[in-house]
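Please look through the sequence and the structure below before reading on. The briefing that follows takes up aromatic rings, salt bridges, surface charge and backbone angles in turn.

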Amino acid sequence: MKRNILATAIAGMTTLSGSWAATAAEIEFHGDMDNRFQAYTNQRDWFSGGNSGGGTLKDDEPTESFGEVKYRFWAKATSDDKKVTGVFATEIGGIRYGEGSGGDYSGDGVNIETRWAYVDFLVPNTLDQRVSLGLQPVSVNRHVWNETATAAVWKGSLGSGFDYQLLWGRGDSSNESGVDSEQDEGWDGADNFAINLNKRYSPNLSAGLFYLYQMNDQIAEGVGTVNSREYELKSIADNSKYSVSSFGVEMDYDQETSLGRMFVKGTVIGQSGTIEGVNFVPLNGATNPNTNYDLSTFLGRGELGLQFGPNQLTYTVLYASGDGNEQDADFDAFIATDVDFSDSMIFQENMTSDDYFAETPYILDKGYFMNKLQLDHKLAANITVSGMMVYNRLAENIALADGSSSKDLGLEFGSKISYFPYPSLELAAEAAYLASGDAMDALEETALQDGKGDQDIVHVAGRVRYKF
């Protein structure tokens, strides 16, 4: 009897596989299993997360150490003819060892989220034009918008080395009911339209440009708010009306020289538009009487480097414009939509990337003027050590408690080591120290503010990361 059942099952499976042969798919399974450890910091509440500036400096702040897991798994199903691909990804994010989201005893907790869910297919009767639809990685420019979102993306080649991307993405539609139906033209959410053009002119030179137009009509009842600590477009996408244009140019050049391989990279972005229906709340809590603002901003980034032997020396300069008048109806501070930055271990994301002061290429609404020198040295094929020095400065002055003002955030020193005992496993550690400048006084507790930046910051972290 058991043999008959087994024979029937095998026959059924054979028939089933034959009937599905035309739609068979190749399945890939990938993962990124990241265990991160905050070994030490003397300013627990500085690394709190919170968009473009969440932390506060304390006197005698309790030190902190913790371990956490951030795991991502994704399955990729590709048709035999490579014309259709489906991707589904999950994430277990920021679960600390011993905490109740699933890291305590018994490990019970609701902590799995959807990271990606999209389909990608070749446009019929074309050779290299593809469309992807759904919740997917979106990349217009790393300084403006480079994160997961629901979108429709068309990519392809125009020949002669030209590649392009067309994108429509909806980042938020949570307040559709707030839209004036008489003015509704069918776009009820925070909609984003982008075009990217890139060309490789030679093996050594590539350049590109992009244009991103963002619109929103989700006016909330009453007046919404945008504050200095959450100065990102995604923070006001459910309660404001805005029309914002970002235009950027990028280039990447490298060349072998007698000293080694030299490289130059550059990005320039200009923004303009209007933001309406919100009241701006500056860091000091003062009242801004306006609810409508004109936006006019600028960002520039340059990298100059030399790779020689086992070494790479890189100088990076970044300038993001800031707002110098907290009471007028102009926004002069560069604004990102949704990004993740890690130029500075103190001011931006580090190895414990869910705990940070800022995720943006600027600090608060005051912009950023960063100068960074970094040396990477390969001790062996699987070991790299790095040292860096970063001069952190605001683009505009920030008011201090003694009536003065300052742009100086301080001088940062950092180091990293990365070791791969196996090709897919990384053991790494990092440490950073900030000698605070006077502008940091504005980010101290109110009782400590005296016009002098006297709270230095220490950060030490590590990770064990398995990627496959």
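Rings of Phe, Tyr and Trp (for Trp, its six-membered ring) are taken to pair if their centres lie within 6.5 Å, and planes under 30 degrees apart count as stacked, over 60 as edge-to-face and the rest as tilted. By this rule the count comes to 15 aromatic pairs. The model is a predicted one, in which local features need pLDDT of at least 70 and side-chain atom pairs count only at pLDDT 80 or more, while totals for chains, interfaces and linings use all residues. Residues are numbered from 1 along each chain as its sequence is written, and side-chain values use heavy atoms, with hydrogens and water left out.

**Aromatic rings**

- Trp 74 and Trp 116 form an edge-to-face pair, with 5.5 Å from centre to centre and 65 degrees between the planes.
- This pair links distant parts of the chain, since Trp 74 belongs to strand β2 and Trp 116 to strand β4, 42 residues apart; strands are DSSP runs (E, at least two residues), numbered from the N terminus.
- Trp 116 has a relative accessible area of 18% and is therefore buried, where buried means under 20% relative accessible area, exposed over 50% and partly exposed in between (1.4 Å probe, protein chains only).
- The ring centres of Tyr 231 and Tyr 362 are 6.0 Å apart and their planes stand at 75 degrees, so this pair is edge-to-face.
- Tyr 231 lies in the loop between β10 (224-227) and β11 (241-256), whereas Tyr 362 lies in the loop between β16 (330-331) and β17 (368-380), 131 residues apart.
- Both Tyr 231 and Tyr 362 are buried, and they form one aromatic cluster together with Phe 280, Tyr 293, Phe 331 and Phe 334.

**Salt bridges**

- A salt bridge is counted when a side-chain nitrogen of Lys or Arg is within 4 Å of a carboxyl oxygen of Asp or Glu, and by this rule the count comes to 22 salt bridges.
- Lys 70 forms a salt bridge with Asp 354, the closest N and O atoms being 3.0 Å apart.
- This pair links strand β2, where Lys 70 is placed, with the loop between β16 and β17, where Asp 354 is placed, 284 residues apart.
- Lys 70 counts as buried because its relative accessibility is 14%, while Asp 354, at 28%, is partly exposed.
- Arg 96 and Asp 355 meet in another salt bridge, at 2.8 Å from N to O.
- Arg 96 lies in strand β3 and Asp 355 in the loop between β16 and β17, so the pair ties together parts that are 259 residues apart in sequence.
- Both Arg 96 and Asp 355 are buried.

**Backbone angles in loops**

- Most residues other than glycine have a negative phi.
- Lys 82, although not a glycine, has a positive phi of about 65 degrees, and this residue is found in the loop between β2 and β3 (84-96).
- Lys 82 counts as partly exposed because its relative accessibility is 47%.
- Asn 125, which is not a glycine either, has a positive phi of about 65 degrees and is found in the loop between β4 (112-122) and β5 (130-141).
- Asn 125 has a relative accessible area of 84% and is therefore exposed.

Notes: Helices (H or I, at least four residues) and strands (E, at least two) are DSSP runs, numbered from the N terminus.
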